[in-house]
Amino acid sequence: MRVWMSGGGTAGHIYPALALAQLLLESEHDEVKYFGTSRGPEADLVTRAGIPFLALPARGFVRNKPWTLISAMLVLTASAVRALSMMLRQRPDVVVVFGGYVCIPVGIAAILARVPLIIHEQNSVAGLANRILGRWAHLVALTYPESAVGFGGAKKVVVTGNPVRPAVRDADPVAGRRAFGIPPDALVLLVFGGSRGARRINQTLVDAHTKLLEIEDLHIVHIAGRHEYPCVLAAIAGAGSVPERYHLLEYIDDMGGALAAADLVVARAGATSIAEISVLQKPAVYVPYPHATDDHQTKNAASLAQAGAAVVISDDRLSAPVFIETVTALLLDRAQRDNIAAALSGLAIHDAAERLAELTRHVHLDR
């Protein structure tokens, strides 16, 4: 089976695609190719995963600058023509897209070439690219049932969950702590803001870290993001050095190890971050990014909070005192963290990649 994929712009669209790709490639009979842009994070992440990557010159538009829509449409049209030409020559069996504007030309090409199209939607509110393509899709796979309202014209809608990479799903907590030099019996707080970092969370942790490190055996692992790292380093270290139990990184390849090592996680509420944290049953405090499209991060986190499977702090309430109070209470209360983990065990879908792979094969066989 020849499967072409696309998804880009953020790691939240790319990692679920890689989870499916890696599962399909375990079969000697399947072939996977990936379409993205050379400027997006997909170019690096897909190439490093060893999957053939084909770049398109697609680009989106700036929502508060509507005049950029004209140039974006011209580039997307050119990209669709290029993708269609390749599709007619090479005839993939199925196309699976995961969101991001680069999916639009790839999905349009699949529709015109009459190649079955599958859409995977990670968030609780469907993204624009997926909504545009949804009415022509053979199948729409969802993480959250509530996002089905964005796909009223789709032929078939199925809840599969959000695929999680094996490197995260099977991560070893002992190895994760060893990588940071953290003792097995220490408390570990992991803080990160998604693939691009989160300035507001970074600044809050900078203000809160001295008080938090008064907890005797606490280690803080802070992944600040490549753009934010220099400012965070300067603020934490000042004229001295980073505290011994403060592990500051700009980026990490082994995110699974960092998550597995943690007793508590603080993060934005992107769907892929939630899926990865949930599948490892890690208690978490989510701070939804308030400017995400249709405020979907707040909706992503809401269902977990309602089930007692997470704590949510809205971005406008985030401050050092609130952060310290919330995080300290959870770190010092093992029973509460265990209750959250137990609640997660009934919600997390561990075999989302397998479900999506099976549906992909069915769509191929039914064409």
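Across which strands does helix α13 lie? In this predicted model, helix α13 (residues 320–331) lies across β8, β9, β11, β12 and β13, and runs at about 155° to β11. Helices (H or I, at least four residues) and strands (E, at least two) are DSSP runs, numbered from the N terminus. Angles run from 0 to 180 degrees between N-to-C directions, and axes are lines fitted to C-alpha atoms, for helices over the stretch in contact.

The strands belong to an open sheet of six, in the order β10-β9-β8-β11-β12-β13, with parallel pairing; two strands pair if DSSP finds at least two bridges between them. β10 (246–249) and β13 (311–312) stand at the edges with a single partner strand each, so one side of each is left without a neighbour in the sheet. Strands β11 (residues 264–267) and β12 (residues 284–286) run parallel and are joined by three bridges. Helix α8 (residues 199–212) lies across β8 (187–192), β9 (218–223), β10 and β11, at about 165° to β9.

The axes of helix α11 (residues 271–279) and helix α12 (residues 296–306) come within 9 Å and cross at roughly 30°. That makes α11 roughly parallel to α12, a term for angles under 35 degrees. Ala271, Ile274 and Ser278 of α11 make the contact with Asn300, Ala301 and Leu304 of α12, where contact means heavy atoms within 4.5 Å.

Residues are numbered from 1 along each chain as its sequence is written. Local features need pLDDT of at least 70, side-chain atom pairs count only at pLDDT 80 or more, and totals for chains, interfaces and linings use all residues, while side-chain values use heavy atoms, with hydrogens and water left out.

How values were computed: Parallel < 35°, antiparallel > 145°, perpendicular 65-115°, else oblique.
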